[in-house]
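The following note sets out a reading of the model in numbered points. Please keep the sequence and the structure in view while working through them.

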Amino acid sequence: MSLFDGEIVVNERVDPPLVVPVTAEPVMIEVVRACHFKAKPPEEVKGRKVKRRGCARCGLGKGDIAHMGAPPSFNALASGQGSGNAMVYAGLKARWQEVLTERLAATDLPKGLAHVLVEGEITFPDRGRRDQGNFRVIVEKALGDALVEGWWLADDSWDFYSFGNLEARYVKGESATRLYLFPTLP
Ligand SMILES: [Zn+2]
């Protein structure tokens, strides 16, 4: 049954009826750094240097969305020893998942998709040499889990979720992650 062009009713026993688009449009989500985090200089307290929290430029915490742009490199976490790195990874991945879930919720991406193909583009503020793999890990895992958390996908296994190419570009001073999602309806 079609209410009007471009939508089908999947459940008419609820009010308003649950409708989904017949064709799912690609959506783009982005995380663009608003402020390049700069640690505040330590403070002297009774002759001791004490670290101060927050950013010297904007005052916000280091983990604030304002400081997020290109994803963190996995290399820095994986090259160290011990369980501390696993905890840092888990924390970063959870934060990215939270932000990507918010970004997805602001789009018209239909829930209950059969498949999502993702193409990504990362903008770096400088021309450093980087390995693609190191920048895929956190964003690929976090996006897959965000798609499941928000019910866009039932599962983020390979059959449902495919993270395709990841391009890098350089724009002086810009740090950003842009993700293009190509959904397939059931
Ligand atoms: Zn800042």
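This is a predicted model: local features need pLDDT of at least 70, side-chain atom pairs count only at pLDDT 80 or more; totals for chains, interfaces and linings use all residues.

1. Leaving out residues up to four places away in sequence, Phe160 touches His115, Val116, Leu153, Ala154 and Asp155; two residues are in contact if their C-beta atoms, placed from the backbone, lie within 7 Å. Phe160 and His115 are 45 residues apart along the chain, yet their C-alpha atoms are separated by 4.4 Å. Phe160 belongs to the loop between helix 3 and strand 7. Helices (H or I, at least four residues) and strands (E, at least two) are DSSP runs, numbered from the N terminus. A residue counts as buried if 20 or more other C-beta atoms lie within 10 Å of its own, as exposed if 12 or fewer do, and as partly exposed in between, with C-beta atoms placed from the backbone.

2. Residues are numbered from 1 along each chain as its sequence is written. The predictor's confidence in each residue is given by pLDDT, from 0 to 100. The protein averages a pLDDT of 88, and 87% of the residues score at least 70. Confidence is highest in strand 3, at 97, and lowest in strand 2 (residues 18-21), at a mean of 65.

3. The secondary structure comes to three helices and eight strands. Along the sequence these follow the pattern β-β-β-β-β-α-α-β-α-β-β. Of the 186 residues in the protein, 19% are buried. Among contacts with a separation of 6 or more, 71% join residues 24 or more positions apart.

4. An open sheet of mixed pairing is formed by four strands in the order 3-8-6-7. Strand 3 (27-32) and strand 7 (161-170) stand at the edges with a single partner strand each, so one side of each has no neighbour in the sheet. From one strand to the next, the twist averages 15 degrees. Two strands pair if DSSP finds at least two bridges between them. In general, strands of a sheet pair through backbone hydrogen bonds, either parallel or antiparallel.

5. Strand 6 illustrates both kinds of pairing. Strand 6 (residues 115-124) and strand 8 (residues 176-184) run antiparallel and are joined by nine bridges; Glu119 has Tyr180 in strand 8 as its bridge partner. With strand 7, strand 6 pairs in the parallel sense over eight bridges, and the bridge partner of Ile122 in strand 7 is Ala168. Strand 7 has one buried residue among its 10, so this strand lies largely in the open.

6. How is helix 3 placed against the sheet? Helix 3 (residues 132-149) lies across strand 6, strand 7 and strand 8, and runs at about 135 degrees to strand 7. Axes are lines fitted to C-alpha atoms, for helices over the stretch in contact, and angles run from 0 to 180 degrees between N-to-C directions. Together, strand 6, helix 3 and strand 7 make a right-handed β-α-β unit: with the strands pointing away from the viewer, the path from the first strand over the helix to the second runs clockwise.

7. The largest nonpolar core has 19 residues, of which Leu100, Val116, Ala142, Leu143, Leu147, Trp152 and Leu153 touch the most other members. Two or more residues each come from helix 2 (83-105), strand 6, helix 3 and strand 8. Helix 3 gives the most to this core, with six residues. Such a core is a set of buried Ala, Val, Leu, Ile, Met, Phe, Trp, Tyr and Cys residues joined through C-beta atoms within 7 Å. Apart from neighbours within four places in sequence, Leu147 is in contact with Val116, Trp152, Leu153, Asp156 and Tyr161.

8. Some backbone details deserve attention. Most residues other than glycine have a negative phi, and most peptide bonds are trans. Asp15 and Pro16 are joined by a cis peptide bond, with omega about 0 degrees; Pro16 is in the loop between strand 1 (7-11) and strand 2. Lys46, although not a glycine, has a positive phi of about 50 degrees, and its place is in the loop between strand 4 (43-45) and strand 5 (48-50). Lys46 is exposed, with 5 other C-beta atoms within 10 Å.
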